[in-house]
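Biologist: Hi! Could you walk me through this one, please?
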Amino acid sequence: MNIFLESNRLVLRAFTEADIDHLFALDNDPEVMRFINGGRPTSREVIQAQTLPKLLHDYPCFGTRGYWAAQEKDTGNFLGWFEFRPLDDHSPAVVELGYRLNKAAWGSGYATEGSQALIRKGFTDLGVERVTANTMTVNAGSRRVMEKAGLSFLRNFTGDWPEAIEGSEHGEVEYELTRTKWEKHS
């Protein structure tokens, strides 16, 4: 297992082809996908042809990937994934933080724990200067995670939704954390 990072309760590891079943289950839970695509199912073919290649992509500026499978440290159970990827393949300065966890993991602090561990690694080991994260304005749970992880509200904006989903009419929000602010509060 190619481990990228460990926290108190989590192991973040590289995805492999063997994760297709985990990803298929995750992306076919309507509640997990509510703020992503309105809860519509995703086919196994799309997972294999589109989702998995994105999760396996290496970023030259990091010398590693930008998406990590999250497992519970004690049990090895697949919980979902975290995104910590540079917005520019060749510069680690600005990264996007994201997460998608299965419903059983919600409310347990895993999203905050994984986000904080990635932020710490980004600022201390990877040359990151700014972390950004986006979600729908109405996604209160994800916004709470961003705030608990140390990010601050930056702006509201309207994204380009190919198909409108419930809540998209309220727009999106962007949060951020700079290295300077993180260092002051660490």
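This is a predicted model: local features need pLDDT of at least 70, side-chain atom pairs count only at pLDDT 80 or more; totals for chains, interfaces and linings use all residues.

Biologist: Let's start with helix 4. How far apart are its end C-alpha atoms?

Modeller: They are 22 Å apart. Helix 4 covers residues 110-125, and at 1.5 Å a residue its 16 residues should span 22 Å, so the two values agree.

Biologist: Nice! How many of its residues are buried?

Modeller: Twelve of the 16, so helix 4 is mostly covered. Among the buried ones are Tyr110, Leu118, Ile119, Lys121 and Phe123.

Biologist: And what follows the helix?

Modeller: Glycine 127 follows helix 4, and its phi is positive, near 80°.

Biologist: New topic: how many aromatic pairs are there?

Modeller: Searching the whole structure gives five. In one of them, tyrosine 67 and tryptophan 81 have ring centres 5.5 Å apart and planes at 75°, so the pair is edge-to-face.

Biologist: Where do those two lie?

Modeller: Tyrosine 67 is in strand 5 (residues 67-72) and tryptophan 81 is in strand 6 (residues 78-88), so the pair ties together parts 14 residues apart in sequence.

Biologist: Are they buried or exposed?

Modeller: Tyrosine 67 and tryptophan 81 are both buried.

Biologist: Back to Tyr110, then. What sits over its ring?

Modeller: The charged end of arginine 9 does, 4.3 Å from the centre of the tyrosine 110 ring.

Biologist: And which ring does lysine 121 lie over?

Modeller: That is phenylalanine 4: lysine 121 lies over its face, 5.1 Å from the ring centre.

Definitions and conventions: Residues are numbered from 1 along each chain as its sequence is written. Side-chain values use heavy atoms; hydrogens and water are left out. Helices (H or I, at least four residues) and strands (E, at least two) are DSSP runs, numbered from the N terminus. The expected span of a helix is 1.5 Å times one less than its number of residues. Buried means under 20% relative accessible area, exposed over 50%, partly exposed in between (1.4 Å probe, protein chains only). Rings of Phe, Tyr and Trp (its six-membered ring) pair if their centres lie within 6.5 Å; planes under 30 degrees apart count as stacked, over 60 as edge-to-face and the rest as tilted. A charge sits over a ring if NZ of Lys or CZ of Arg is within 6 Å of the ring centre and within 35 degrees of the ring normal.
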